Amino acid sequence: MTENKAPLLELKNVKTVFKVRQGLLKAVNGVSLSLYAGETLGLVGESGCGKSTLGKTIMRLYRPQEGEVRFEGRDIWQYSRREQKAYTQMVQMIFQDPYASLDPLSVIGDAVAEGLDIHRLAGTKKDRENNIMALLHDVGLNQSHVDRYPHEFSGGQRQRVGIARSLSLSPKLIVCDEPISALDVSIQAKVVNLLKKLQRENHMAYLFITHDLSMVRQISDRIAVMYLGSIVEIAPSEDIYSKNRHPYTRALLSAIPIADPTVEKSRKRIVLSGDVPSPVNLPAGCPFAGRCPYAQEICRTSQPQLTEMEKDHFVACHRADEMALME
Amino acid sequence: MSQLPKGTFTDADFTKTGAEIGLDPASSRKKTTYWRDVWRNFKKNKAAYVSLYVILLLILLVIFGPMMNPFDYRTNDYTAINNAPNTVHWFGTDTMGRDIWTRVWEGGRVSLLIALLGTLIPEAIGMAIGGISGYFGGKVDTVIMRLIDILMGIPSLIYMILLMLIFGSGNIMTLVIAISITGWMGSARATRGLILQLKGRDFVTASRTLGGSPSWIILRRLIPNTLGIRVVGITMSIPSVIFYEAFLSYIGLGVTPPMPSWGQLIKSAGENFRYYPYQFIIPCAMVGITMLCFNLIGDGLRDALDPRLRT
Amino acid sequence: MSDTILEVRDLRVTFDMYQGAVQAVRGVSWHLNRRETIGIVGESGCGKSVTIKTAIGLNPVSSGSVKGGEVLFEGTDILRLSEKERRDILGNRMSMIFQDPFTFLNPTMTVGRQIMEVYLQHHKASRREAREKALDILRLISLPNPEENLKRYPHQLSGGMRQRIMIAMALICEPAVLFADEPTTALDVTIQAQIVDLMNSLKEKVDTSIVLITHDMGVVAKMVDRVYVMYAGKIVEHGEAQTIFHHPRHPYTWGLLESVPRLDEKTQDDLPSIPGMPPDLIAPPAGCPFAARCRFCMGICGREAPPEIRLTDPEDGRDHTASCWLCHPECIARNGKTEWRAAHD
């Protein structure tokens with residue numbers, strides 16, 4: 001699906017950097033990727049890998065130090081005032097913590113309608129009311145709860161309110177920043193199902209940021225794995241699980257426990273030692289070299305680039321060819 | 001399986017009916033709003049609850065007290081000088097024969113009005129400036145904060161005296177302006193601190209991603225969320241303004257006689273305290289009770305608003 | 001049952017709220033054997049955390065919220081101990097690790113001092129001995145550079161390291177029982193794997209039994225010997241891990257297991273999930289608490305709460321109980337081994 005179509009969103013060598021006391025923190029360190037209309041790209045990585053920063057860079061909350069973020073071909077940092085406002089309608093965000101993402105003083109009807117109010121899209125009171133009711137219905141919330149406060153709801157319900165709010169402006173892209181990781185497993189499934197249903201109905205694209213490789217598979221068309229600010233592997237969803245080539249992808253997958261004691265006992269696992277290094281003083285060479293069980297001399301000296309190994313399957317690893325043979 | 005009761009079951013008992021998914025729990029619970037919750041917790045604090053009624057009573061007396069007897073606050077009656085409290089003059093009379101009941105409530109009007117305006121006006125100014133400073137951060141923040149540092153370094157009495165010279169001492173508005181000019185800085189700092197905490201919260205980011213302008217975010221999201229916490233500070237600062245007014249009157253910078261205020265009453269009665277203690281004690285008690293009650297209310301509010309105590 | 005180290009009997013806990021009394025735990029019984037790991041699983045709000053907090057004595061009977069039951073630790077009822085006696089046990093014979101280590105570590109003290117203080121609170125020892133002990137325990141949990149790390153402050157450590165420090169603090173007095181409340185939920189998967197391995201190895205190294213609370217069925221599969229499934233303040237199913245995963249009998253357990261996507265299985269169009277929401281425990285339903293959400297709900301389910309039914313385990317004949325009318329002999333006599341049961345065998 002990647003050819004012949006102009007991407008909806010295109011990142012070119014994006015670097016987002018923060019000044020910290022010890023130096024420069026390279027949260028996003030040269031990421032290039034494309035996202036097409038109506039597709040879901042899963043962005044997976046551990047905490048501190050820069051995935052949320054990347055999401056917020058796309059939301060125009062952080063300005064990248066280098067590189068470009070293009071939406072429908074236009075650089076989002078070259079926007080005029082009016083374009084900026086239009087951008088906030090086309091691109092929306094769903095947040096991780098359903099307790100922090102709703103204003104405790106706004107009833108959920110007002111929370112859902114915030115976008116409509118800001119952009120003055122509801123002409124009359126009746127319009128606004130109808131809009132809110134339709135949105136609550138779409139996300140499966142009881143419409144009689146429109147004048148209740150967030151603290152009366154469970155985490156899953158609040159997340160639905162957040163989803164309704166992001167839908168209110170009919171966006172073309174929704175950045176979902178760990179939308180399910182604060183929820184119970186059975187609720188996670190419901191929220192993922194809801195997001196899939198909404199995508200079928202409204203055809204928007206998702207950038208689905210998560211650390212959970214088991215849930216992201218249920219919703220993504222393609223998955224990108226991120227480590228220390230760089231994308232190490234990006235491929236169609238099933239390839240990540242069956243034909244993965246990056247040692248980090250493999251380690252991530254093998255670290256996820258399977259809900260079956262028999263399988264779990266017989267499973268061979270790659271246990272990574274140590275922690276993710278600090279993104280302040282990035283090592284030269286491959287960012288994963290320090291923890292990689294397959295690292296060689298070259299990995300410590302030169303940084304591997306994303307290379308297309310198969311159709312649409314990109315890997316940034318010096319030993320990607322051999323990795324295909326190693327199971 | 002022997003422990004199972006050998007009940008009598010019917011076939012219908014074991015016929016599949018499928019789930020009847022009920023309403024979710026939130027709809028069956030009593031509806032509570034944030035403020036209703038706060039009120040419920042506030043009522044639990046008996047001292048604060050009683051204080052609230054005492055203050056309401058004081059306000060009623062301040063409004064209607066002077067109408068309750070035929071005297072007014074400035075007419076001298078030399079036939080009744082320094083009368084002790086009696087059935088005609090309920091709180092007695094002062095050295096010029098003026099009715100103290102009337103003067104206390106008239107003075108209360110002045111004191112409470114100054115307290116109220118002298119709290120709300122600087123609070124509003126402080127919130128606006130603190131909100132801007134906290135939300136925009138960076139250079140704006142640095143400039144505003146350094147300015148406050150400098151202004152705070154100057155003793156407030158100096159402003160007072162200067163302002164009195166400019167606007168002329170003795171009227172209520174001068175006092176309110178003087179108190180406002182010195183009072184907004186503390187509130188600006190407190191508001192800025194709260195806003196710095198709040199602006200990183202997801203619901204504020206959500207407003208930004210929805211395209212909310214800075215004024216939308218500050219007015220709709222940030223300020224309302226700081227209010228709950230600032231209310232405590234506001235309540236607690238009322239007593240200090242009352243006291244400040246009394247202090248200024250006492251040193252001669254307050255309202256000018258014959259216009260009474262609690263501070264003014266205390267000052268003039270102080271000279272004769274040894275002979276006519278009731279003239280001194282009554283206004284002192286009013287100041288004391290008001291300060292105590294506002295402090296207790298503030299205390300109760302702080303507990304009621306504390307999110308950790310809310311279930 | 002002489003091997004039982006901790007036993008909870010018919011525990012009932014209620015919290016008063018404005019809207020009414022929430023019956024958070026409604027008659028829960030379980031036991032823990034020596035050198036065993038049990039898992040208590042269920043969704044948030046099912047009462048699993050409250051059960052544990054009561055079991056370590058954080059909600060004593062005197063607080064008014066515990067309405068009945070007992071918690072027997074080596075034969076003594078913890079709920080009825082005095083404050084001081086309870087403190088002697090807590091942190092010493094029983095200890096706990098929490099979901100978010102950062103909020104439980106003091107940011108102004110080095111982690112070394114915090115570990116040592118736990119030890120000194122319960123033992124008459126010099127600081128030097130405590131320090132030795134702390135180093136031992138850090139080596140035991142294979143923390144790199146223990147000497148170095150003792151001198152650090154919590155904010156200088158990563159999330160995984162902090163969780164290790166919490167574990168060290170919990171283990172320094174060599175407790176008989178270790179409670180772990182969602183110990184890996186806040187951690188990244190690769191770190192989670194390290195912590196799970198560590199906790200598994202501890203059972204052999206230290207003579208400790210573990211009570212694990214989690215909603216992650218994967219972690220349960222990796223760590224746990226026996227499982228208690230909790231729903232709406234009650235235990236609805238209990239059995240060996242193998243049994244619970246391979247032959248679950250309660251429809252809630254089915255739902256719980258189905259809603260977990262498995263890496264070793266293909267994706268489906270829509271993930272199965274349990275419809276509806278748990279009941280409001282201010283006014284718990286008269287019948288089975290799960291009836292309103294259960295695909296297999298029968299006439300009796302809404303009316304009468306199901307008894308705990310003992311089942312024979314098809315694999316080894318060990319303990320397996322489920323509180324569900326579907327398992328009742330009368331039901332089986334009438335409906336036979338119905339298709340929905342077969343589907344889960």
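**Close-up views of a predicted model**

**View 1. Helix H7 of chain A, residues 185-202**. At 1.5 Å a residue, the 18 residues of H7(A) should span 26 Å, and the end C-alpha atoms of H7(A) are 26 Å apart, which agrees; the expected span is 1.5 Å times one less than the number of residues. Helices (H or I, at least four residues) and strands (E, at least two) are DSSP runs numbered from the N terminus. This is a predicted model, in which local features need pLDDT of at least 70, side-chain atom pairs count only at pLDDT 80 or more, and totals for chains, interfaces and linings use all residues. Residues are numbered from 1 along each chain as its sequence is written, and chains are lettered from A and ligands numbered from 1 in the order in which they are written. Buried residues of H7(A) include A:Val185, A:Ile187, A:Val191 and A:Leu195 (buried: 20 or more other C-beta atoms within 10 Å of the residue's own, with C-beta atoms placed from the backbone). The buried residues of H7(A) pack against H6, S8 and H8 of chain A and against helix H11 (251-258) of chain C. After H7(A) comes A:His203, with a positive phi near 60 degrees.

**View 2. The side of chain A that touches chain C**. Here 33 residues of chain A are in contact with 38 residues of chain C (contact: C-beta atoms, placed from the backbone, within 7 Å). H7(A) supplies the largest share of this side of chain A, 7 residues.

**View 3. The open sheet of chain A**. Its 8 strands run in the order S6-S7-S8-S3-S9-S10-S12-S11, with mixed pairing; two strands pair if DSSP finds at least two bridges between them. Strand S6 (91-94) and strand S11 (307-310) stand at the edges with a single partner strand each, so one side of each has no neighbour in the sheet. Strands S10 (230-236) and S12 (313-315) of chain A pair in the antiparallel sense over 2 bridges, and A:Ile234 stands opposite A:Phe314 in S12(A).

**View 4. Surroundings of A:Leu207**. A:Leu207 is among the residues with the most contacts inside the largest nonpolar core, which has 211 residues. Such a core is a set of buried Ala, Val, Leu, Ile, Met, Phe, Trp, Tyr and Cys residues joined through C-beta atoms within 7 Å. Not counting residues up to four places away in sequence, A:Leu207 touches residues including A:Leu41, A:Ile58 and A:Val175.

Methods:
Contact = placed C-beta atoms within 7 Å. Buried ≥ 20, exposed ≤ 12 C-beta atoms within 10 Å, placed from the backbone.
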